[in-house]
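Open the model in your viewer and keep the sequence panel beside it. This tour tells you what to select next and what you will find there.

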Amino acid sequence: MPPLSRRQFAAVTAAGLVGLAHARTQAFHRALEQTGLKEVFKDDFLIGTAVDGRTVDDPSTPLAQLVAREFNAITPTNMMKWGPLEPREGEWQWAGPDRLVAFGAAHGMTVVGHTLVWHSQTPRWLFVDEQDAPVSKERLLKRIETRIQALVGRYQGRVAIWDVVNEAIDEDEKGWRQSRFLTIAGPEFVERAFRAAHEADPKATLLYNDYNEHNPGRRRFLVDVIRDYKRRGVPIHGVGFQGHVGLDYPDLAEYEKSLQAIAAEGLQVHVTELDVDVLPRASGYTGAEISTNFELSEKLNPWKTGLPPEIDEKLTARYRQLFELFLKYRETIARVSTWGTFDGESWKNNFPVRGRTNYPLLFDRELKPKAAYAALVALKHPTAR
Ligand code: XIL
């Protein structure tokens, strides 16, 4: 073969380099298919998801395999809530939670317990006595402690993180939510829950979990509570930011202030229930209009057959911004969990309006990673696109 001219040599070399880069990218994507997001963010925070009972019933389904590959933390969506777990006093439905904890252990995941005390999804018997009269404060506190001893105790050493109290701050941001826990037992129920959880598993990480922490009123109240608890030795280790956000809310500058405020108190932040609602906001309409006006429902559910590319781009950009912020606070943020794995299973298809088609998560209805997923990988591997 005659020697190559300089030009020919340069062309062959360039082609070889492109080929090499391409092969590298392919190898990278093949590796990613084995290891998932948990590997991408392994130096930053845990990456989790929330699963329904049926997802862990059969570990051979594509969804179970996807969850095992992508995530190193799992939270049950409903199985450990008070109503589903103990529908009648003392009748515990352990089968589902046991399977979840075993699934987590089998895949080396951090299992998150959700949630010990919450005003929603409570059983009918909880706030009344045998005569159907309101229970006394003492009895309600006892019921809280009994539940926590049983549940946290059963999974001691296997559930590493607990959402101890969920959504206990009032909507008006001026104090505790007016739940039946509060009206019967007073604010003491919150700290009693933390103390009981700590006693049942002294090594578990205990979180207070809520939404809208970016709100300055909520931030102030929360910081006051944390300081008070620290002073009096109430065991609280972190704050869960649910992270049910939209394309244009909340203002991430306010969100960042709340991350800073929690970090300044020396507590961890866990992003516990991240999803990005892409649908038009229902709050501008009255409830009656939503249920009665067909045209309005159409307006509220515009993308039944697929998300337009320009909205998907907004979703991708939003996920990128959120994770840029999380990475900036990687010293404070211990975990980022999405609330569900793929769009088809998201609670956002039914909240706050039932029966819509929403696109809030990182995997689509066919379990394929979305553009947002690729954008998150690219944050850590800018050349691997
Ligand atoms: C949701 C579940 O995903 C749904 O299946 C259920 O019908 C209602 O609750 N904040 C929380 C979660 O802390 O427990 C909620 O989960 C979503 C809002």
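The stops below run from the whole chain to single residues.

**Before you start**

This is a predicted model: local features need pLDDT of at least 70, side-chain atom pairs count only at pLDDT 80 or more, and totals for chains, interfaces and linings use all residues. Residues are numbered from 1 along each chain as its sequence is written, and side-chain values use heavy atoms, with hydrogens and water left out.

**Stop 1: the whole protein**

The protein has 14 helices and nine strands. Helices (H or I, at least four residues) and strands (E, at least two) are DSSP runs, numbered from the N terminus.

Along its principal axes it spans about 100 × 50 × 40 Å.

The accessible surface comes to about 18300 Å², and 53% of it belongs to carbon and sulfur atoms. Such areas come from the Shrake-Rupley method with a 1.4 Å probe; for residues, only the protein chains shown count as cover. Of the 385 residues, 53% are buried. Buried means under 20% relative accessible area, exposed means over 50%, and partly exposed lies in between (1.4 Å probe, protein chains only).

**Stop 2: I169**

Select I169. Is this residue buried or exposed? I169 counts as buried because its relative accessibility is 3%. I169 sits in the loop between β4 (159-166) and α7 (180-185).

Next, show what surrounds I169. Leaving aside neighbours within four places in sequence, its contacts (heavy atoms within 4.5 Å) include W176, Y208, F221 and L222. I169 and E213 are 44 residues apart in sequence, yet 9.9 Å apart in space, C-alpha to C-alpha.

**Stop 3: E167**

Stay in the loop between β4 and α7, and select E167. Its phi is near 55°, a positive value in a residue other than glycine. Most residues other than glycine have a negative phi, and most peptide bonds are trans. E167 counts as buried, because its relative accessibility is 11%.

**Stop 4: D132**

Move to D132, in the loop between β3 (110-118) and α6 (137-154). D132 has a positive phi too, near 70°. D132 counts as exposed, because its relative accessibility is 59%.

**Stop 5: N72**

Select N72, in the loop between α3 (62-70) and β2 (73-76). N72 is buried, because its relative accessible area is 17%. What does its side chain reach at 2.8 Å? The side chain of N72 reaches the backbone nitrogen of I47. Leaving aside neighbours within four places in sequence, N72 is also in contact with residues including K38, L46, M109 and T110.

**Stop 6: two cis peptide bonds**

Select Y249 and P250. A cis peptide bond joins them, with omega about -5°. P250 lies in the loop between β7 (244-246) and α10 (252-264).

Finish with F351 and P352. The peptide bond from F351 to P352 is cis, with omega near 0°. P352 is in the loop between β9 (333-338) and α14 (371-380).

Note on methods
A polar contact is a pair of N or O atoms within 3.5 Å; within protein, one must be able to donate a hydrogen and the other to accept it, and residues adjacent in sequence count only if both atoms are side-chain atoms.
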